[in-house]
Amino acid sequence: MFGTLNTSGAGLLDEFRRMEREMNQLLGGPPWPNSIRAMARGTYPPINVGSTPEQVDVYLFAAGLNPETLDISIQQNLLTVAGDRKLQVEEGADYYRKERYDGGFRRVVTLPEDVDPDQVEAAYRDGVLHVTIKRRESTRPRQITVK
Amino acid sequence: MTETRDVSKQDAEAAQDIKQQEQAILPAVDIFENESGITVQADMPGVSRDRLDVHIDSDTLSIEGRAVIPMPGGMDALYADIRSTRYQRSFSLSRELDTERIEAGLKDGVLTLRIPKREEHRPRRIEVQTG
């Protein structure tokens with residue numbers, strides 16, 4: 001009896017996998033090439049990167065971190081943020097949901113080539129880590145006055 | 001002068017409409033129960049205390065928040081995992097929970113809600129009589 005139940009369960013899972021594969025084939029990946037360091041969607045923590053002529057802003061959405069445990073480093077135009085999120089587990093409680101990320105993480109972001117690794121600032125507020133990297137003076141657009 | 005003000009007001013209203021259409025993020029939650037009640041913890045990075053709204057409508061608990069992220073003017077997005085600034089999630093509560101005495105705390109973007117059980121619903125140990 002359990003034998004039959006098991007096979008049908010696996011069959012259903014296979015069916016889902018097949019559907020997923022077909023959907024991927026149908027929709028295809030994005031038409032543009034991914035960055036070689038790109039991670040799958042859903043990687044913790046989520047990141048947004050914005051750019052202005054003066055600076056590049058990187059936002060990491062990582063709630064409940066101790067900023068002192070964060071390790072932020074920059075090498076040329078590679079920004080690495082590593083940290084550890086330890087969630088307190090309530091002893092003797094029954095858990096219904098455990099969706100929040102628990103553990104260590106590391107994310108590497110490729111920044112535009114003209115960032116200045118000597119001018120980096122980082123601030124942690126309301127669970128968002130905001131790293132600002134200035135662009136090099138020489139590459140910024142300049143207004144040229146006609147005499 | 002008055003006209004300018006009206007136009008900007010319309011713009012603000014239009015922006016508000018767009019924001020309301022924006023799809024909300026489902027915040028990740030941990031939920032656990034012990035003898036005294038249920039605790040809900042939700043990750044809502046970017047949400048400050050004044051942009052958080054927790055409310056109870058009959059037996060539905062709703063959590064809503066808006067993330068405010070400091071952005072320089074004229075910023076172009078190079079990459080975005082997060083495409084919305086609105087968080088929303090709701091749960092239905094059962095009757096033994098005391099909605100009058102919910103405690104809420106927000107720290108570093110983590111919302112913690114303590115929902116106590118009504119006194120009469122707390123588990124009691126039943127002694128087994130032998131004899």
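1. A quick term before we start: helices and strands here are DSSP runs, at least four residues (H or I) for a helix and at least two (E) for a strand, numbered from the N terminus. On that basis chain A has one helix and eight strands.

2. How confident is the prediction? For the model as a whole, ipTM is 0.75 and pTM is 0.74. Chain B has an average pLDDT of 84, and 83% of its residues reach at least 70. Where pLDDT is low, the predicted coordinates should not be read in detail.

3. Now some overall numbers for chain A. Of its 147 residues, 20% are buried. If you take the contacts in chain A with a separation of 6 or more, 54% of them link residues 24 or more positions apart.

4. The two chains meet over 30 residues of chain B and 30 residues of chain A. On the chain B side, strand 1 (29-33), strand 2 (37-43), strand 3 (47-57) and strand 5 (76-80) each give two or more residues. That side of chain B is made up of 18 nonpolar, six polar and six charged residues.

5. One is an open, antiparallel sheet of five strands, ordered 7(A)-8(A)-2(A)-1(A)-5(B). Strand 7 (115-125) of chain A and strand 5 of chain B are at its edges, each with a single partner strand, so one side of each has no neighbour in the sheet. From one strand to the next, the twist averages 20 degrees.

6. Strand 1 (residues 47-51) and strand 2 (residues 55-61) of chain A run antiparallel and are joined by five bridges. There, N48(A) has Y59(A) as its bridge partner. Strand 7 and strand 8 (residues 128-135) of chain A also pair in the antiparallel sense, over seven bridges, with V120(A) opposite I133(A). These two strands form a hairpin with two residues between them, and D126(A) in the turn has a positive phi of about 50 degrees.

7. The other sheet to look at is also open and antiparallel, with five strands in the order 5(A)-1(B)-2(B)-8(B)-7(B). Its edges are strand 5 of chain A and strand 7 (103-107) of chain B; each has a single partner strand, so one side of each is left without a neighbour. Neighbouring strands are turned by 10 degrees against each other on average, direction ignored. The link between the chains here is strand 5 (residues 94-98) of chain A, which pairs antiparallel with strand 1 of chain B over four bridges; D94(A) stands opposite E33(B). At the other end, strand 7 and strand 8 of chain B pair antiparallel over five bridges, and A104(B) has L113(B) as its bridge partner.

8. What about the largest nonpolar core? It has 35 residues, and V58(A), L60(A) and L111(B) touch the most other members. At least two residues each come from strand 1, strand 2, strand 4 (78-85) and strand 8 of chain A, and from strand 2, strand 4 (60-67) and strand 8 (110-116) of chain B. Strand 2 of chain A gives the most, with five residues. Setting aside neighbours within four places in sequence, L60(A) is in contact with P45(A), I47(A), V81(A), V128(A) and L129(A).

9. Most residues other than glycine have a negative phi, and most peptide bonds are trans. The bond from Y44(A) to P45(A) is cis, with omega near -10 degrees; P45(A) lies in the loop between helix 1 (2-27) and strand 1 of chain A. S58(B) is not a glycine, yet has a positive phi of about 45 degrees. S58(B) sits in the loop between strand 3 and strand 4 of chain B, and is exposed, with 7 other C-beta atoms within 10 Å. D108(B), not a glycine either, has a positive phi of about 50 degrees. You will find D108(B) in the loop between strand 7 and strand 8 of chain B; with 17 C-beta neighbours inside 10 Å, D108(B) counts as partly exposed.

Methods
Residues are numbered from 1 along each chain as its sequence is written. Chains are lettered from A and ligands numbered from 1 in the order in which they are written. This is a predicted model: local features need pLDDT of at least 70, side-chain atom pairs count only at pLDDT 80 or more; totals for chains, interfaces and linings use all residues. Two residues are in contact if their C-beta atoms, placed from the backbone, lie within 7 Å. Ala, Val, Leu, Ile, Met, Phe, Trp, Tyr, Cys and Pro count as nonpolar, Asp, Glu, Lys and Arg as charged, and the others, Gly among them, as polar. Two strands pair if DSSP finds at least two bridges between them. Axes are lines fitted to C-alpha atoms, for helices over the stretch in contact, and angles run from 0 to 180 degrees between N-to-C directions. pLDDT is the predictor's confidence in each residue, from 0 to 100. A nonpolar core is a set of buried Ala, Val, Leu, Ile, Met, Phe, Trp, Tyr and Cys residues joined through C-beta atoms within 7 Å. A residue is buried if 20 or more other C-beta atoms lie within 10 Å of its own, exposed if 12 or fewer, and partly exposed in between; C-beta atoms are placed from the backbone.
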